[in-house]
Amino acid sequence: MDDFYDFVDYLEMVDENLENIDVERIPRKYIRNLEDPLEKYNDDQFLKRYRFPKIIVMDKLSNLLGVHYTNNRGLSIPLILQLLTTLRFYATSNLQAVCGDLRGINQSTVSRIIKRVSDQIASHFGEHVKFPHTEAEWDVIKQKFFSIAGMPGVGGCIDCTHIKIQNPGGLNGEVFRNRKGWFSLNVQLVCGPQMEIQDLVVRWPGSYHDSFIFNASHACAVFSNSNNKLLLLGDNGYACKPYIFTPLLNPVINAEKNYNKAHIKTRNIVERVFGVWKRKFPCLRRGLANAPKTTVSIILACAVLYNLSLKLRLPEFDIVGENDDEVENVDENENEDVVGAAARKAYIIRHFN
């Protein structure tokens with residue numbers, strides 16, 4: 001009988017302790033029932049959706065990330081799932097499509113993941129997008145460019161492309177409206193002979209001219225101060241200078257025509273880079289509606305991933321068009337630099353006469 005009363009006392013004590021427990025402090029147990037994309041899709045389906053093979057995503061790309069994202073509910077989202085979420089957005093530019101493919105993550109969480117992962121990948125920009133540092137490296141670049149169409153001294157090809165964005169609003173919103181009437185960032189790209197991105201400038205609104213962007217860029221400093229007499233090839237949106245050659249608008253003699261043919265054939269590589277880059281990451285072609293800083297991070301991250309895919313010799317996606325940005329109509333005299341024109345004329349006589 002004493003044992004019975006002891007047991008009753010014990011139960012009363014347990015009830016008192018339960019009343020004193022703060023229920024809000026008890027962590028909730030969540031069960032995330034997701035289909036693993038790495039298991040759900042075969043190799044071809046996975047490559048089409050995420051732009052990289054499974055082994056590369058798990059090995060190389062995951063090393064670019066060092067921060068786990070945790071949402072406000074305290075439920076940790078696995079690192080690999082964060083990466084796949086972001087890669088899927090780069091391939092679609094559609095948050096709804098991402099949420100549909102990766103069920104269990106709402107749209108606001110996807111937006112925060114894309115921001116954080118893009119920032120993290122973009123932080124490696126300087127490691128993967130850079131000019132050669134030594135004279136020997138530049139010599140290799142010049143030799144590879146020469147093998148395309150016989151133009152000596154070429155160290156890079158330059159062009160700009162417009163990436164569509166949403167209206168940023170505010171007092172300076174209209175400065176982002178380009179000559180075609182929609183809002184964009186005018187992104188400058190310098191590429192090498194193997195279609196690698198050597199330099200990228202993502203800071204200027206769509207209304208800014210290509211030549212202005214170049215004059216304020218690191219690429220201008222590299223080529224204008226070069227001891228190796230490096231040449232950049234650009235279209236007629238740029239002023240002809242001793243270090244940046246443009247095609248002749250009205251070639252007359254055979255040497256000038258031969259120069260134009262070689263120039264067009266060599267500089268075509270930058271058009272192909274834009275085509276492959278935007279095809280691999282369609283978000284760049286369809287447009288970005290993210291916050292301005294996130295938009296910049298996404299573009300830089302896509303450049304990092306593009307160069308990485310080249311280094312790993314991954315298959316290219318079909319090129320849809322090329323750079324569809326029209327060259328502004330320019331008067332040859334308006335965009336002419338006397339010293340540049342003289343340097344180009346001497347170059348033509350020396351190599352194409």
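**View 1. Phe-245, Tyr-259, Tyr-347 and Phe-352 form a cluster linked by ring pairs.** Rings of Phe, Tyr and Trp (its six-membered ring) pair if their centres lie within 6.5 Å; planes under 30 degrees apart count as stacked, over 60 as edge-to-face and the rest as tilted. This is a predicted model, in which local features need pLDDT of at least 70 and side-chain atom pairs count only at pLDDT 80 or more, while totals for chains, interfaces and linings use all residues. Residues are numbered from 1 along each chain as its sequence is written, and side-chain values use heavy atoms, without hydrogens and water.

**View 2. Tyr-208 and Phe-212 make a tilted aromatic pair.** By the ring rule there are 14 aromatic pairs. In this one the centres are 5.2 Å apart and the planes 55° apart. Tyr-208 is partly exposed at 30% relative accessible area. Phe-212 is partly exposed at 39%. Buried means under 20% relative accessible area, exposed over 50%, partly exposed in between (1.4 Å probe, protein chains only).

View 3. Tyr-259 belongs to helix 12 (residues 254–280) and Tyr-347 to helix 15 (residues 338–352), so the pair ties together parts 88 residues apart in sequence. Helices (H or I, at least four residues) and strands (E, at least two) are DSSP runs, numbered from the N terminus. Tyr-259 is buried at 0% relative accessible area. Tyr-347, at 5%, also counts as buried.

**View 4. Strand 4 (residues 184–191) is largely enclosed by the rest of the structure, because eight of its eight residues are buried.** Ser-184, Asn-186, Gln-188 and Val-190 point one way; Leu-185, Val-187, Leu-189 and Cys-191 point the other. Strand 3 (residues 154–164) pairs antiparallel with strand 4 over eight bridges. Two strands pair if DSSP finds at least two bridges between them. Lys-164 stands opposite Ser-184. Strand 5 (residues 197–205) runs antiparallel to strand 4, joined by six bridges. Asn-186 stands opposite Trp-204. Five residues lie between strands 4 and 5 in their hairpin, where Met-195 takes a positive phi near 70°.

**View 5. Leu-200 is one of the residues touching the most other members of the largest nonpolar core.** A nonpolar core is a set of buried Ala, Val, Leu, Ile, Met, Phe, Trp, Tyr and Cys residues joined through side-chain atoms within 4.5 Å. Helix 14 (residues 292–311) gives the largest share, ten residues. Not counting residues up to four places away in sequence, Leu-200 touches residues including Phe-125, Val-187, Trp-277 and Ile-299; contact means heavy atoms within 4.5 Å.
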